[in-house]
Amino acid sequence: MSGETLHCEAHDYNGAVAANVYFDLTRAFNERGPIVALASGQAVVHYRVAIMSKDGDWVIRETTEACGSVLDVLTARGASYRPGAPLDPRWLAGGWSSHFEFSDDKQRRVRCDFVSRPPRVEPVAIERLFASARDPFLVIDLESLIRMKRTQRAKDYAVIGELATRLPPEREILVTTDAERLLQLAPSYGAGVRRPSVGAARAGDRDAVVVALAREQDRHQQRDRTRLDAYAVAAKPYLEAFAQLSAADRRLPGAHERVASLAERLLPPRVELEEESDDDAQ
């Protein structure tokens, strides 16, 4: 099969999906310049792989100014902290995430989560994303989103397969989780790819492709579980203390200083993790 037949045409995603509160918030956060990029479930909605996601996730620039701008927008909406690190570069730089919620004008719960160093995504990819931003509605790029979706959840791997079809075939073959797509792509695009599933696809062995993909998925799931377990252990004393805060104490703007003070005493800025390698695709 030719590369032309397999190539997925580029899409103009902006404006193609009905607006929602998280899309609107992205524009509000970026009103003063590009400081956040929509990620995770809402980014999947943007790329038309899902029709809805209940929460909002963003990658935020790792600066005091960016955090301050986001806190201003959230304060204006009456937001409160949920259990998580303070929205502060000291903890964001260590891979921690910050969580908030508020009720909108229709009394719907709106949850907002932020991270500056999303797992498995190289910092240079985030820097490049913000440097190239031209629109307040900024969404994380497909390949970074795919890396973020390599979680413990089995359902995320079907999402990865769908997201991968939006990439050019020479990139899709490196990340797809779809055995049929690998078998289609391998003859034209598999040469030089060290991914075991691609090697099996080039040999035309469908059973071996399925087994290799299952092993890849298991490795990703175990790595994510190990990472989250390490953060859970480190956060335990802090989260126990956070749970003692009243609803009023968690409400912005005053909550930020209280939460940061709590974190200074009980939440280590960094957690020691084993270095991860991306050995599935080159």
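Modeller: Before we start, a definition: two strands pair if DSSP finds at least two bridges between them. Also, this is a predicted model.

Biologist: Fine. How do β3 and β4 pair, and over how many bridges?

Modeller: Strand β3, residues 80–82, and strand β4, residues 97–103, run antiparallel to each other, with 3 bridges. They count as a pair because at least two bridges are required.

Biologist: Which residue stands opposite Arg82 there?

Modeller: His99 in β4.

Biologist: And β4 with β5, how many bridges?

Modeller: There are 7 bridges between β4 and β5, and the sense is antiparallel. Strand β5 covers residues 109–115.

Biologist: Which residues in β5 face Ser97 and Ser98?

Modeller: Ser97 is opposite Val115, and Ser98 is opposite Phe114.

Biologist: What sits between the two strands of that hairpin?

Modeller: The hairpin of β4 and β5 has 5 residues between its strands. Gln107 in this hairpin has a positive phi near 60 degrees.

Biologist: Zoom out. What is the strand order in the sheet?

Modeller: The order is β1-β2-β5-β4-β3, an open sheet of 5 strands with mixed pairing.

Biologist: Which strands are at the edges?

Modeller: β1, residues 36–39, and β3; each of these pairs on one side only.

Biologist: How many degrees are neighbouring strands turned against each other?

Modeller: On average 35 degrees in this sheet, ignoring direction.

Biologist: Back to Phe114. What does Phe114 touch?

Modeller: Leaving out residues up to four places away in sequence, the contacts of Phe114 include Trp58, Leu74, Leu87, Trp96 and Phe100. Ser98, the residue opposite Phe114 in the strand pairing, is also among the contacts.

Biologist: Which residues have the most contacts inside the largest nonpolar core?

Modeller: Leu74, Leu87 and Phe114, in a core of 81 residues. The largest share of this core comes from α12, with 7 residues.

Biologist: Different topic, then: helices. Where do the axes of α12 and α13 come, and at what angle do they cross?

Modeller: Helix α12, residues 206–242, and helix α13, residues 254–266, have axes that come within 9 Å and cross at roughly 140 degrees.

Biologist: Is that crossing left-handed or right-handed?

Modeller: α12 passes α13 in a right-handed crossing.

Biologist: Which residues meet?

Modeller: From α12, Ala234, Pro237, Tyr238, Ala241 and Phe242; from α13, Val259, Leu262, Ala263 and Leu266.

Biologist: How many of the residues in that contact are nonpolar, polar or charged?

Modeller: The contact of α12 with α13 has 9 nonpolar residues, no polar ones and no charged ones.

How values were computed:
Residues are numbered from 1 along each chain as its sequence is written. This is a predicted model: local features need pLDDT of at least 70, side-chain atom pairs count only at pLDDT 80 or more; totals for chains, interfaces and linings use all residues. Side-chain values use heavy atoms; hydrogens and water are left out. Axes are lines fitted to C-alpha atoms, for helices over the stretch in contact, and angles run from 0 to 180 degrees between N-to-C directions. Helices (H or I, at least four residues) and strands (E, at least two) are DSSP runs, numbered from the N terminus. A crossing is left-handed if the near helix is turned anticlockwise from the far one by less than a right angle, and right-handed if clockwise. Contact means heavy atoms within 4.5 Å. Ala, Val, Leu, Ile, Met, Phe, Trp, Tyr, Cys and Pro count as nonpolar, Asp, Glu, Lys and Arg as charged, and the others, Gly among them, as polar. A nonpolar core is a set of buried Ala, Val, Leu, Ile, Met, Phe, Trp, Tyr and Cys residues joined through side-chain atoms within 4.5 Å. Buried means under 20% relative accessible area, exposed over 50%, partly exposed in between (1.4 Å probe, protein chains only).
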